[in-house]
Amino acid sequence: MDYFERKLDDKRRLTIPTELRAEFASGVVLSRGFGTYLHLYPQQVWDREVEPALAGDNIFDEELANLNVRFRRGKTSQALDQKQGRVVLEQHLLDYAGVSREVVAVRVGAYWRLGSPENIT
C-alpha cells in the first residue's frame, strides 16, 4: 500500500491502515516536511536514516543546520496505539500542514508524506 486517505477523529488521531501497522511497530515520528505537509516515519527509519543524516560531521555546515531546524522543530515521537492503530497529530503540526480533518498520505520511499488533499500533489 502506497497511498491512503483518512479523517482525523475529534482527538486529532489518525488511524493507520491495518496493512501498514507492522511497519510502525517500532514507533512513529512526525515532523515538518519540505513544503506545507508533514513527514511520517517509522521510528526505526528515523533512527537508522534521518538521525545520522542530521548529525553530519561539520557543526558549521549551515545547510545541515537548517535541515536540523526544519525536521526537529515540532517533531513528535510516540508509540502506535496497538489496539486501534492510531497516532495523535499535534495541533501545531496540523496548522503547519494546513490540515483540518481530512488527511492524505503518500509513501515516499521509506517514509510518508501527510497533508491536506490540497497540499499533497
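Strand 3 and strand 4 form a hairpin with 5 residues between them.

First, the conventions. This is a predicted model, in which local features need pLDDT of at least 70 and side-chain atom pairs count only at pLDDT 80 or more, while totals for chains, interfaces and linings use all residues. Residues are numbered from 1 along each chain as its sequence is written, and side-chain values use heavy atoms, with hydrogens and water left out.

Helices (H or I, at least four residues) and strands (E, at least two) are DSSP runs, numbered from the N terminus. Two strands are called paired if DSSP finds at least two bridges between them. By that criterion, strand 3, residues 28-32, pairs with strand 4 in the antiparallel sense over 5 bridges. Within this pairing, serine 31 stands opposite histidine 39 of strand 4. Strand 4 is also joined to strand 8, residues 111-115, by 3 bridges, again antiparallel. There, leucine 38 has leucine 114 of strand 8 as its bridge partner.

How is strand 4 covered on its faces? In a regular strand the side chains alternate between the two faces of the sheet. In strand 4, Leu38, Leu40 and Pro42 lie on one side, His39 and Tyr41 on the other, and all are buried. Buried here means under 20% relative accessible area, exposed over 50%, and partly exposed in between, with a 1.4 Å probe and protein chains only. Since 5 of the 5 residues of strand 4 are buried, the strand is largely enclosed by the rest of the structure.

On a 1 Å grid over the protein atoms alone, a pocket is an open set of points where a 1.4 Å probe fits, with protein on both sides within 12 Å along at least five of seven lines; lining residues have an atom within 4 Å of a point. The largest pocket has a volume of about 180 Å³, a volume being the space filled by probe spheres set on the points, which are joined across faces, edges and corners. It is lined by 13 residues, of which Phe34, Tyr41, Val50, Ala53 and Phe71 are the closest to its centre. Strand 4 (38-42), helix 1 (43-55) and helix 2 (62-72) each supply at least two lining residues, and helix 1 gives the most, with 5.

Strand 7, residues 102-108, is joined to strand 8 by 5 antiparallel bridges, and alanine 105 has leucine 114 as its partner in strand 8. The hairpin of strand 7 and strand 8 has 2 residues between the strands, and glycine 109 takes a positive phi near 70 degrees there. Strand 7 is likewise joined to strand 1 by 5 antiparallel bridges, with phenylalanine 4 opposite alanine 105.

Finally, the loop between strand 1 and strand 2. Aspartate 10 is found in this loop and counts as exposed at 73% relative accessibility. Its side chain makes a polar contact with that of arginine 101 at 3.4 Å; such a contact is a pair of N or O atoms within 3.5 Å, where within protein one must be able to donate a hydrogen and the other to accept it, and residues adjacent in sequence count only if both atoms are side-chain atoms. Arginine 12, also placed in the loop between strand 1 and strand 2, has a positive phi of about 65 degrees although it is not a glycine.
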